[in-house]
Amino acid sequence: MNTSLLNPFNITYPTAVQASLPSQCSLARFDTSGQFVAAGRSDGSAAIWDLETRAAVRWLEGHVKGITSVDWSRNSRFVLTSSKDWNVIVWDLASDIDPPQRKTTVRFDAPVTSASFHPRNSQIILALLQTGDAYMVDLRKKHRGRVELEEVQDDSDEESTSSSRSAMTVAQFDPTGRQVFVGTSSGSILVFNTRSKTMIARHKIAGAGIMKGFAFAKSGRRLITNSSDRTLRQFTLPAYPPPNADREYTEQELEPTHKFSDPINRTAWHAMSFSPDGEWLAGGAADPASHRIYIWDIANDGQLASTLDGGREPLIHVHWHPSKPSIASTTNQGNILIWHCPSPERWGAFAGGFEEVDENVEYEEREDEFDIEDESVLAERKMKQEEEEVDILTGKDPEEEVVDHVRVNGDEEDFAWADDEPDEDTRGWEMKIVLEDEADMM
């Protein structure tokens, strides 16, 4: 099935609130299919919401303090939650019990600010601590270990040697999983190779201040940064060479291709997210009196396209749907607002050859339009069409080859390392929906 059929009118960003989910959460994130939303709460629990029924279908209760981040594995079987209680828990949604079975619990020496899965293997976890340290945790048997990501100091620079190193304030995998991008309190971006855990590049951003957040386009070629100067910056990333034995790294200052800000109110930003095609950017404003999302048109030189007003409850978090023009935004009262784009009724969408007209026209019959077709040929064609598998949720053909739309520099060694000892997150698994009565019996 062609995925364009899911959006026949080519509307590419949401304009209105479709639903409000009373989840009492502080952040929400779509899974890779877009059917479920993981919501982290300040009481230490998390919930999985089904957007079709608009109800919580699984509860993740394992932390004793507030959730700081949630993440989904590649095929949505595993969910990661990090918390201020110093723990990162990986949950298996394929389990029959509720709360779901804990696959892994990783404990650190300080509250965890954020954590995420490797894009290709959920057994590799990146965690950022409140102390300003970032760790890569590998749970695979052959590679098991915990490595701290350390910034390389230039010995020739007396100032950098004498001064204390900058705290790490944000850490995130790029879409390929080949690199880890780390933002610091001094306004620099550090790039680490995931396989070797060594720093391969450092980018200084002039005037940025403290780095507060990253967002990647799906292609992996563009990066958006959020910093303390209340400006979002977009960068086109260079191609990074593989690590070498001498542990050399590139020192390069990046120039932003676009800058996004609110010049009138000088509002800061809580979060930002790219659309699936990378042509739109959503920025959640840190306005204490309103719930506003700014939409910029990246393809049209970054011009402001729209400002979405979600009412009087201030915004905390924003995440764009992985395949549709839909956004999940979280309010400070714990509600999740699901934004969509209302589609007007178009009768031409019900038939491929149907054409709408403003006034009556004389119809011209095609020469072969009413020809009688052989019934055996017609029956054979219908049988073949009935045997084809159709994914009604995503519109993707299951037989279609899955291609990662990410940058590849020709070095497959990093991908082979990540794919070694693959996890159990395979396509085709099913989540068991546990009803409240069943949960009470358990």
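The following legends describe close-up views of a predicted model. Local features are given only at pLDDT of at least 70, and side-chain atom pairs only at pLDDT 80 or more, whereas totals for chains, interfaces and linings use all residues. Residues are numbered from 1 along each chain as its sequence is written, and side-chain values use heavy atoms, with hydrogens and water left out.

**View A. The open sheet E6-E7-E8-E9.** Four strands form an open sheet in this order, with antiparallel pairing; strands are DSSP runs (E, at least two residues) numbered from the N terminus, and two of them pair if DSSP finds at least two bridges between them. Strand E6 (67–72) and strand E9 (101–107) are the edge strands, each pairing on one side only. From one strand to the next, the twist averages 20 degrees, with axes taken as lines fitted to C-alpha atoms and angles running from 0 to 180 degrees between N-to-C directions.

**View B. Strands E7 and E8, with Phe78.** Strand E7 (residues 78–83) and strand E8 (residues 87–92) are joined in the antiparallel sense over five bridges. Phe78 stands opposite Asp92 in E8. The charged end of Lys103 sits over the ring of Phe78, 4.2 Å from its centre; this term requires NZ of Lys or CZ of Arg within 6 Å of the ring centre and within 35 degrees of the ring normal.

**View C. The aromatic pair Phe108 and Tyr135.** Rings of Phe, Tyr and Trp (its six-membered ring) pair if their centres lie within 6.5 Å; planes under 30 degrees apart count as stacked, over 60 as edge-to-face and the rest as tilted. The ring centres of Phe108 and Tyr135 are 6.2 Å apart and their planes lie at 45 degrees, so this pair is tilted. Phe108 belongs to the loop between E9 and strand E10 (112–117), and Tyr135 to strand E12 (residues 134–138), 27 residues apart. Both residues are buried (under 20% relative accessible area, with a 1.4 Å probe and protein chains only). The charged end of Arg146 sits over the ring of Phe108, 4.7 Å from its centre.

**View D. The surroundings of His321.** His321 lies in the loop between strand E27 (315–320) and strand E28 (327–331). Its relative accessibility is 5%, so His321 counts as buried. The His321 side chain reaches the backbone oxygen of Gly34 at 3.2 Å and the backbone nitrogen of Ser323 at 3.0 Å. Not counting residues up to four places away in sequence, His321 touches Phe30, Ser33, Gly34, Pro276 and Ser326 (heavy atoms within 4.5 Å).

Note on methods. Buried means under 20% relative accessible area, exposed over 50%, partly exposed in between (1.4 Å probe, protein chains only). A polar contact is a pair of N or O atoms within 3.5 Å; within protein, one must be able to donate a hydrogen and the other to accept it, and residues adjacent in sequence count only if both atoms are side-chain atoms.
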